[in-house]
Amino acid sequence: MYPSAAPAGCPPYNSKHGHGNGLYPLPQAFLQHHQQLAEAPRNIANTNFHGRSLPAGPSDIPLYDWKPSPSTPPGPHASALANGRKRHSGDHSPYNLKRQHFSSPVPHHGSPPAVGFSPSVSRPGPRETQSTLIQHSPLSPQPSAPRMPPLWGENPRSSLQAYAKDKLSGQMVELFEACQQQSTDLERKELCRAQLQREIQRLFPLVRLYLAGSSLSGFGSRNSDADLCLVIQAAPVDQRNDAVYVLSLIQQLFYRLSYIERPQLIRAKVPILKFRDKVSGVEFDLNVNNTVGIRNTFLLRSYAYAERRVRPIILVVKRWARHHRINDASKGTLSSYTLVLMVLHYLQTLPEPVIPSLQNEYPECFSPSMDIHRVPEGPRDIPPYSSSNQASLGELLLGFLKYYTNVFRWDKQVISVREAKALPKSNSLEWRDKFICVEEPFDGTNTARAVHEKVKFDAIKAQFAESWQMLQLRKDLNFILPIRNTIQR
């Protein structure tokens, strides 16, 4: 499916050619066959690609393991109390959630486990053995990701019907089921990721390539782009120089891959390489060492599968915002990530919360200092949340629009999913003179900093108010988001 453009025994590029961006000479080490594994620790872990030393990373990085847990029934004491709120007991769940790997719920009662990719390491080249790769490369190739698990229950539709007794809620379920990312969509992205990791390891044998963003968090749709993070070392990377340099090398490599088209280097605060995979038709954004994106992907994934109503309401809100043109950070409005945090914050701050603060309740699972290669396994033991709030999807959507129309104080408050509350806006540089303040759960930056014009801010607030008033009056999703046209697109 993915033909290799650089066969074993051939260098990725002609050594006569210089660096693609003309700023740096191409180091000879990068032009040697497969960049000898013995050279890799110096090139990757201990240098910033211009000869200056960098802090060495840990040497005991484990394999990236997505293995499903054994299909054993939960014990009689699977339920737990957290801040006075009772968790689901494993005895009442069709999945083993007590000691499972985060991504792969396993059905009981004789049902087979969810089908997914087997956790195997990429096959070594003709001159390399499996033991040689493992011995010299602690950042071993990442095994494939699993299929997206269903919501809590073997039939997601029947699970959601309990919250879809009215017309508006039923419309939300219909839109969600039509537009949500399917397991086959994720598989296509994962196949490309795995192949690209093998290609990139021709230049940098010790790197690991992660799928991140909505594709893996559970909030993606059928046409979502995919984010990739290339982790080259444990220490931070100079984004202005080293990240651009590495992406320039990879861009030259991608020009030689027949299944990749339009590789374009974008020199932003976090530079990215944009390209399209011809096989899957997916647009990708590749960054270098922007590891906060991996951390927040698995935090959001934990919220996505903690409560079955979370994913439908977020998908509808994202589609609504896109329809009304307030979901484009490049044009000064809200990013999809910011919208997700806004919905989670609302669900956390209800008198009877739909979800808790997972960072508060499970700090060991989401520690900002956790080694980045252990992040995917961090939240694997978190059970689903049992909320006493039984509001329908339609009621929650109405409440969301009302909250940001009449309740939340844009000029005085900061949205914090980490603390599950609105924090007072301080006079720090991060929040001062900002129209919308949404705290990134790990690094504390403002995810809504793109909204820097008052006219755009006023348009966002006006759309919340207008949609709330219309939906409250009509109780029909079509009046704020045309369902048929949205599904067809």
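First, the ground rules. This is a predicted model, where local features need pLDDT of at least 70, side-chain atom pairs count only at pLDDT 80 or more, and totals for chains, interfaces and linings use all residues. Residues are numbered from 1 along each chain as its sequence is written, and side-chain values use heavy atoms, with hydrogens and water left out.

Now the sheet. Helices (H or I, at least four residues) and strands (E, at least two) are DSSP runs, numbered from the N terminus. Two strands pair if DSSP finds at least two bridges between them. Here, five strands form an open sheet in the order 3-4-7-6-5. The pairing is mixed. Which strands stand at the edges? Strand 3, residues 208–212, and strand 5, residues 260–266. Each has a single partner strand, so one side of each is left without a neighbour in the sheet. From one strand to the next, the twist averages 25°. Axes are lines fitted to C-alpha atoms, for helices over the stretch in contact, and angles run from 0 to 180 degrees between N-to-C directions.

Look at the pairs. Strand 6, residues 272–277, meets strand 7, residues 283–288, in the antiparallel sense over four bridges. There, Phe 275 stands opposite Phe 284 in strand 7. Two helices pack on this sheet. Helix 5, residues 183–200, touches strand 3, strand 4 (226–231), strand 5, strand 6 and strand 7. The direction of helix 5 makes about 160° with that of strand 3. Helix 7, residues 239–255, touches strand 4, strand 5, strand 6 and strand 7. Its direction makes about 165° with that of strand 5. Contact here means heavy atoms within 4.5 Å.

Next, strand 5 and strand 6. They pair in the antiparallel sense over five bridges. A hairpin of five residues joins strand 5 to strand 6. Gln 264 stands opposite Lys 274 in strand 6.

On to charges. A salt bridge is a side-chain nitrogen of Lys or Arg within 4 Å of a carboxyl oxygen of Asp or Glu. How many does a search of the whole structure find? It finds 16. Arg 276 forms one with Glu 261, with the closest N and O atoms 2.6 Å apart. That pair links distant parts of the chain: Arg 276 is in strand 6 and Glu 261 in strand 5, 15 residues apart. Arg 262 forms another with Glu 283, at 2.8 Å between the closest N and O atoms. This pair also links distant parts: Arg 262 sits in strand 5 and Glu 283 in strand 7, 21 residues apart. Glu 261, Arg 262, Arg 276 and Glu 283 are linked in a network of salt bridges.

The side chains of Arg 188 and Asp 185 meet at 2.4 Å, N to O. The two are three residues apart in helix 5, so about one helical turn separates them. Are they buried or exposed? Arg 188 is partly exposed, with a relative accessible area of 33%. Asp 185 counts as buried, at 3%. The cut-offs: buried means under 20% relative accessible area, exposed over 50%, partly exposed in between (1.4 Å probe, protein chains only).

Asp 476 is in the loop between helix 13 and helix 14 (483–488). At 9% relative accessibility, Asp 476 counts as buried. Its side chain makes a polar contact of 2.8 Å with the side chain of Gln 171. A polar contact is a pair of N or O atoms within 3.5 Å; within protein, one must be able to donate a hydrogen and the other to accept it, and residues adjacent in sequence count only if both atoms are side-chain atoms.

Last, Asn 360, in helix 11 (residues 358–361). Asn 360 is partly exposed, at 44% relative accessibility. Leaving aside neighbours within four places in sequence, Asn 360 is in contact with Arg 418 and Glu 419.
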